[in-house]
Amino acid sequence: MKSYINKSIMVLFVIGIIACEKRLDEEVFSELAPSTLFTSEKGLSSVLNASYAYAHRPGFQDSWAAYHLASMTTGEVWGQGGSIENLWLSEIDFTWDSNHDHIRAQWTIYFNSIRDANIVLDNLDNEEFSNEYKQLTEAEAHFLRGWDYSELYNLFGPVPLYKTSTDDPLLPRASEDEVQQFIEQELLAAIADLPIQAPAYGRASKGAAMAVLCKYYLNTKQWQNAADLAEDIQDLGVYELLPNYGDVFSIANEGNNEILWALPKDATSPTASQAIDALVFPPDYPKPNSNNIVFAARTYLYDDFVNSFDTNDARRNYIITEYISTTTGEVVPGLGNNRSFPYKIEFDPGAVGAAAGNDIPAIRYSDILLSRAEALNEISGPTQQAIDLINDVRIRVGVPPLELAGFTKETLREAILQERAWELFFEGKRREDMIRQNVFISNAVSRGKNAKDHHVLFPIPQVELDANPDLVQNAGY
């Protein structure tokens, strides 16, 4: 599916050894000798691909961890069963701590990606490299650092800033301003030199960098910057809402024009596949392909959310409200029992057991339209322009358009938050949306959870604190 990622896997082990303080006396077998890894375009491209591989959330846990941290914590979904249940319960009940596997996984993958991007940037000054190669590779490395740090900032707040591969590994956390400025700087540098069309599927484009920066501006409440950049994305004329909502997520339609930034997956690779559906459906669910398998854990939507959709809303079609058990042959009702299933990620006919190759949409065009509507409302209150942007999303799925009359800034803010819940359900957006609109904690408290203000950030993993005495834990943990 996305073969360039698989080519990077061979160098991950090599780079990991190089990054250690002490080299291991072990012969490393690779298509690229370590002595030439950083001195040829082919070798350095492999390091860049390794940075992409981490940024794409490799493997099972790294893929589903982001989904669960963003959805279980918000009341969007709940889950039970299997060995993962205790991790989910801590997310649902706000009892997670600094040893939580999902939290630790997110810290690790993004800093590994940053490490490899730094190696690339530190080795680009080579007269053997073409100027075209240098410019594009530098832009991609800046994009990767901008994406990685924006994700880390979303999860943990300010973190250490590693800008070169020779930085002291035991850096303290940077200041809020330093991290924010660095994220913006990296993404602006990427936007300046990235092409409109990505050089290969799964790699960065100008639109991808603009989208990541737009969402960063939105989440940090830089409303005018977010609105302006969303408009610039529209003006590119590259992206569009697909007429059929389901086509956005179809395996047969991957790489479509509604996706600005996707995390490509490959079922044949243990480090580049994902297994989200394997944690959604129960063992007796009628899987469409004989090669599909699921685990014991299940992921459910609450009835209140399922029932909140308009009757004609096409988005509701991607929720399974009942099924016929392959064990008993009887109908198993989900709706009415808080046990409907999200089914945006279809079962992959090319899956290798639980390993699936469905790409994960990271930022979609509908997200950008709703982001611009939200930013415009925060700047000026309700306007026809903001309403039209929301209606573009609503009309596509067959629900009545909104009318400007009667909205206040507060009620339109609530309407946009609800529209995002319908449009982007189970896409890993709910936590950041609720935090941005200051309802993450209050909503959790209303659900009976012992949520406190400090829970808007996750704790620094304990293993990182143990390794680096200069790291300071987030308040409250």
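Tutor: Helix α8 passes helix α9 in a left-handed crossing, a term used when the near helix is turned anticlockwise from the far one by less than a right angle (clockwise would be right-handed). This is a predicted model, in which local features need pLDDT of at least 70 and side-chain atom pairs count only at pLDDT 80 or more, while totals for chains, interfaces and linings use all residues. Residues are numbered from 1 along each chain as its sequence is written, and side-chain values use heavy atoms, with hydrogens and water left out.

Helices here are DSSP runs (H or I, at least four residues), numbered from the N terminus. Two packed helices are described by the angle between their axes and the distance between the axes. For α8 (residues 206-219) and α9 (residues 223-235), the axes come within 8 Å and cross at roughly 155 degrees. Axes are lines fitted to C-alpha atoms over the stretch in contact, and angles run from 0 to 180 degrees between N-to-C directions. The two helices α8 and α9 are therefore roughly antiparallel (an angle over 145 degrees).

On the α8 side, the contact (heavy atoms within 4.5 Å) includes Met210, Leu213 and Tyr217, and on the α9 side it includes Trp223, Leu229 and Ile233. The residues of this contact divide into eleven nonpolar, one polar and one charged. Ala, Val, Leu, Ile, Met, Phe, Trp, Tyr, Cys and Pro count as nonpolar, Asp, Glu, Lys and Arg as charged, and the others, Gly among them, as polar.

Next, the single residues. Arg145 sits in helix α6 (residues 131-156) and has 5% relative accessibility, so Arg145 counts as buried (under 20% relative accessible area; exposed is over 50%, partly exposed in between, with a 1.4 Å probe and protein chains only). The side chain of Arg145 makes a polar contact with the side chain of Asn118 at 2.6 Å. A polar contact is a pair of N or O atoms within 3.5 Å; within protein, one must be able to donate a hydrogen and the other to accept it, and residues adjacent in sequence count only if both atoms are side-chain atoms.

Asp97 lies in the loop between α4 (85-92) and α5 (101-122) and is partly exposed, at 40% relative accessibility. The side chain of Asp97 reaches the backbone nitrogen of Asn99 at 2.9 Å. Phe94 is also in the loop between α4 and α5; Phe94 is buried, at 4%, and has a positive phi of about 60 degrees although it is not a glycine.

Technical notes:
Angles under 35 degrees count as roughly parallel, over 145 as roughly antiparallel, 65 to 115 as roughly perpendicular and the rest as oblique.
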